[in-house]
Amino acid sequence: MKRRQALRVLGSSAAAAALLPFAPSDAFAAGRAIHDRLQRGERVVDGLTDAQLALVAAVAGTIIPATDTPGAREARVHEWINVVYADWMSDSERSVFSAGLESLDEMSQREHGTTVAQLAEPDRLALLTSVDAMAFAPQPYGAPPPAFRRLKQLVIHGYYTSEIGQREELKVVIIPGRYDSCRQMQPAPGGGGSDR
Amino acid sequence: MRADYDAIVIGSGITGGWAAKELTERGLRTLVLEAGGPIDPLKDYVEHVPPYERKFRGYGDRKALERDQFVQRACYACDEYSGKFFVNDRENPYTTPDDAPFDWIRGRQVGGRSITWGRQVYRWSDLDFEANLRDGHGVDWPIRYADIAPWYDHVESFIGISGEALGLDHLPDGRFLPGMALNCAEERVRDRLAPLFDGSRIVTIGRVAILTQNHNGRAACHYCGPCERGCITRSYFSSIGSTLPAAEATGRLTLRPWSVVSEIIHDPSSGRASGVRVIDAQSHETIEFGARVVFLCASALESARILLNSRSAAFPAGLANSSGELGRNVMDHCMGGGANGSVDGLDDRTTFGNRPTGTYMPRFRNVTDQHPDFVRGYAYQGGANRSGWQRGQWGRGIGAELKERLRSPGPWNFGLYGFGECLPHPENRVSLDPDRKDAWGIPALHIDVRWRDNERKLLEDMSVQAAEMLEAAGLGNVSPYVNDNPPGLTIHEMGTARMGRDAKTSVLDAHNAAWDVPNLYVTDGACMASSACQNPSITYMALTARAAAHAVERMNRREL
């Protein structure tokens, strides 16, 4: 845990700024380490833990399940959420997001005696249906938005912008070649929505 | 100073490209100087790149934006795809008073902002050219519609404009290619409004510089959608897809990217501009180029900055500034009053393809009568669509039910979004900041521009009228709003070196030549004496072509 925190300090809020307290030689070594990590295709900032990733993957798969097309788990939405978590969110957003994940597991432990990732699919659907209902119920004035909203937002955005989401679910036509201004609806996936 | 070229054009965007085309086609050896680098459409245009090939899939590289493009990111087009077509704000600083924010959105590359522009094209009429004279704001335009009409024809027939002819005196028709289609919800709103409000509230398709059929060697639009990411088929007008290739074809064009013009050199003995001083953007080396005529097309605020920075004993307050009007009268359209509502009864209808324009409603205020509370007017852009999967993010529902529901589009929604005329006010001005400099050591601008009473009243009226119309047209859930957009964000900034009828009250004459420096032409938005409410680029293009013809006539008569 301590090691993780140290790495997070190093990586968060711009690596360069975090390097300043180091002696010059240490800073050089730390800088080299960052470059090495980047070169290996790893991120500078630590992402979600394996347990958190498993939790996000399970939640994503329940929000957008595989049906006649693959779902969010197959589209590896959790991996994109990890990118957003590590490289896009601010430090405070990251801690709100992590706390939200933690509270999901706590609720799961309380009600089913196991983690969200370990739940049977019907139990996870039941749990998340009630979490979703609470998250989108009217909130007290001035209260911060429930953490689940952001997780759900990321799952949906991540799914429909994934290769599976675009090609298999939405069947996006990148070059339509024409504009139909008033088309009789086909019962086809994607409808009139556009990714753009 | 030796004339290396017949003409120098500063800027390669919408107006620089037109100056280059017209001057080279009339036989002038022309040097075009562009502050930014070249772009390669094959590599840099990304309109067909799917979201999963972008790291943040449309969220934008937030940390890079916060660090490098903290101003530019206010523009919708400065995103993960097109951010490279906007400047780095750390290299290109400017200052404002604390209580007067201004968003200065800039593009420095060959093509300038013609790569990312909104492509809306509307002619002015004498309602606009006579406005200053009629109500006393600003100075009278030295030209009328009859002076510019043939030049609108000239530029429109070359670049290709699609739209619907309406026969309105105050929004003249152009040489239109077939207009894109209104969708069924838009047709419904159009038809319901037609008999109301004395027929003054017209819904038409946006007039756009986008081809609906092949034209001048460029291909018709294929409806992919995000024009601001570039267009490999050159279906919308950009200088690099249209005017610059025409200039190049003459064999008389020299294009020099990475050329930051710091000042225009004035020769006090001849009273003319003899050339320009350039800082190479990459090497920071200073270079001078001479020419017989100089066209300043760097964009309204950049052009003012270059002139203000061109100080000499003859012009201590900036070149061509004997009137003291240089840098004053900055305008930008006030945008953001509007309303939205839902359209019922068309649930079995949808659209296919991404139409790259919306609807337009021409100005109806102060056209035939006079409103008691404000002068001038506004027009609306807008349109109807059905929401897609995105709506799943904002409401309740999970699982197979949600996934199935998002396969059908959401409700039809129609919106009107106003663009209002801004009055020329002498205290809306730019000046050189005494301390800040850009990455090339050139003084930064201090921008002090504020919405004033008339603009605020227009914004309010836009919102109220939009809501009244949508109610009258029978839309549901009508919600009016007024967005508090800072000046600059409409990216229609103009007016810093206005045209006029005399040298005491204006910077430029009726042909865009500086009163004080006869071989210096300024043809970008700086030249505007008023703003009307129409999107301005086509007027800049027409004025540029007209000025180029004038310059060459004078050169041929040995007057220059």
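In the predicted model, strands β3(B) and β17(B) (residues 443-448) pair in the parallel sense, over 2 bridges. Within this pairing, Thr95(B) has His446(B) of β17(B) as its bridge partner. Both strands belong to an open sheet of 3 strands, ordered β3-β17-β16 in chain B, with mixed pairing. The edges are held by β3 (94-95) and β16 (429-437) of chain B. Each has a single partner strand, so one side of each lacks a neighbour in the sheet. Helix α9 of chain B (residues 300-309) packs on this sheet. The helix touches β16 and β17 of chain B, and its direction makes about 65 degrees with that of β16(B).

Chain A comprises 9 helices and 1 strand. From the N terminus, its elements run α-α-α-α-α-α-α-α-α-β. Of the 196 residues in chain A, 31% are buried. Among chain A contacts with a separation of 6 or more, 57% join residues 24 or more positions apart.

The two chains meet through 45 residues of chain A, in contact with 43 residues of chain B. On the chain A side, two or more residues each come from α4 (50-63), α5 (77-87), α7 (121-135), α8 (147-160), α9 (163-169) and β1 (180-184). By class, this side has 21 nonpolar, 16 polar and 8 charged residues.

Strand pairing also links the chains. β1(A) pairs with β12 of chain B (residues 349-352) in the antiparallel sense, over 3 bridges. Here Arg183(A) stands opposite Thr350(B) in β12(B).

Methods: Residues are numbered from 1 along each chain as its sequence is written. Chains are lettered from A and ligands numbered from 1 in the order in which they are written. This is a predicted model: local features need pLDDT of at least 70, side-chain atom pairs count only at pLDDT 80 or more; totals for chains, interfaces and linings use all residues. Two residues are in contact if their C-beta atoms, placed from the backbone, lie within 7 Å. Helices (H or I, at least four residues) and strands (E, at least two) are DSSP runs, numbered from the N terminus. Ala, Val, Leu, Ile, Met, Phe, Trp, Tyr, Cys and Pro count as nonpolar, Asp, Glu, Lys and Arg as charged, and the others, Gly among them, as polar. Two strands pair if DSSP finds at least two bridges between them. A residue is buried if 20 or more other C-beta atoms lie within 10 Å of its own, exposed if 12 or fewer, and partly exposed in between; C-beta atoms are placed from the backbone. Axes are lines fitted to C-alpha atoms, for helices over the stretch in contact, and angles run from 0 to 180 degrees between N-to-C directions.
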